[in-house]
Amino acid sequence: MSGRTAASPSASALRAAAARERERQPPFWFASRLVLVLSGQRPVHSLLGHIRSSAYEELSGLASHAPLRPRGTDRTSPAVLDARGTRPSDGVIEAFARIVTGNRQRAMAFRLELCPDRRWRCAAVELDGQSPSNRP
């Protein structure tokens, strides 16, 4: 018989609950959706209700090259390793995400703004420190 009581959750249940909580946080939620778009798994317009028009243009420019699409023999889908943010002022999150694509890690930065309808919207996106407007 196990030494665990019925009232104490298992370690796997605690890990699953922590993962669900992490996925609900705005930086992680947005990073996951941005990765799906930048890897070509979802269309840019899937984020229409969650992104401001200027950021939509930036994301469209980035997505046109599918920079996170698996290349070569490694067909592993990209994944968000970590996503966090700081709040420089009320209603703003300056966020970053570490993304793994195959055996390479990439960096993504984005800005979230809390809109009057109390929903977070992405206001800017950069991948590997460059937005489409300053790429060579």
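A: What follows starts at the helix, goes on to the core, and ends with the strands.

The model is a predicted one. The helix in question is H2, residues 26–38. H2 has 13 residues and spans 18 Å from its first C-alpha to its last, close to the 18 Å expected at 1.5 Å a residue. Most of H2 is covered, with 10 of its 13 residues buried. The buried positions are Pro26, Pro27, Phe28, Phe30, Ala31, Ser32, Leu34, Val35, Val37 and Leu38.

Trp29 is at 25% relative accessibility, so Trp29 counts as partly exposed.

Ser39 lies in the loop between H2 and H3. At 4% relative accessibility, Ser39 counts as buried because the cut-off is 20%. A polar atom of the Ser39 side chain lies 2.9 Å from the backbone oxygen of Val35, and Val35 is one of the buried residues of H2. Leaving aside neighbours within four places in sequence, Ser39 is in contact with Leu68, Arg69 and Pro78. Gly40, which also follows H2, has a positive phi near 80°.

Now the core itself. The largest nonpolar core has 28 residues, and Leu59, Met108 and Phe110 touch the most other members. H2, helix H3 (53–63), strands E1, E2 and E3, and strand E4 (120–127) each supply at least two of its residues. H2 gives the most, with 7 residues. Among the residues with the most partners in the core is Leu59. Not counting residues up to four places away in sequence, Leu59 touches Leu34, Val37, Leu38, Val44, Leu47 and Ile51.

E1 covers residues 79–89, and 8 bridges join E1 to E2 (residues 92–101) in an antiparallel arrangement. Within this pairing, Arg84 has Phe96 as its bridge partner, while Gly85 stands opposite Ala95. The hairpin of E1 and E2 has 2 residues between the strands, and Gly91 takes a positive phi near 80° there. Ser89 belongs to E1. At 39% relative accessibility, Ser89 counts as partly exposed, because the value falls between 20% and 50%. Ser89 and Glu113 are 24 residues apart in sequence, and their C-alpha atoms are 10.0 Å apart in space.

E2 continues to strand E3 (residues 104–114), also as an antiparallel pair, with 10 bridges joining them. Two of the bridge partners are given here: Ile99 with Arg106, and Thr101 with Arg104. The hairpin of E2 and E3 has 2 residues between the strands, and Gly102 takes a positive phi near 65° in it.

E3 in turn runs antiparallel to E4, with 7 bridges between them. In this pair Phe110 stands opposite Val125, and Phe110 is one of the core residues that touch the most other members. The hairpin of E3 and E4 has 5 residues between the strands, and Arg118 in its turn has a positive phi of about 70°.

To return to the request: H2 is mostly covered and contributes 7 residues to the core, and the core also draws at least two residues each from H3, E1, E2, E3 and E4.

Conventions. Residues numbered from 1 in each chain as written. Heavy atoms only, no water. Helix = DSSP H or I, 4+ residues; strand = E, 2+ residues; numbered from the N terminus. Buried < 20%, exposed > 50% of the residue type's maximum accessible area, 1.4 Å probe, protein only. Pairing = 2+ DSSP bridges. Expected span 1.5 Å × (residues − 1). Core = buried A, V, L, I, M, F, W, Y, C linked by side-chain atoms within 4.5 Å. Contact = heavy atoms within 4.5 Å. Polar contact = N/O pair within 3.5 Å; in protein donor to acceptor, adjacent residues only side chain to side chain.
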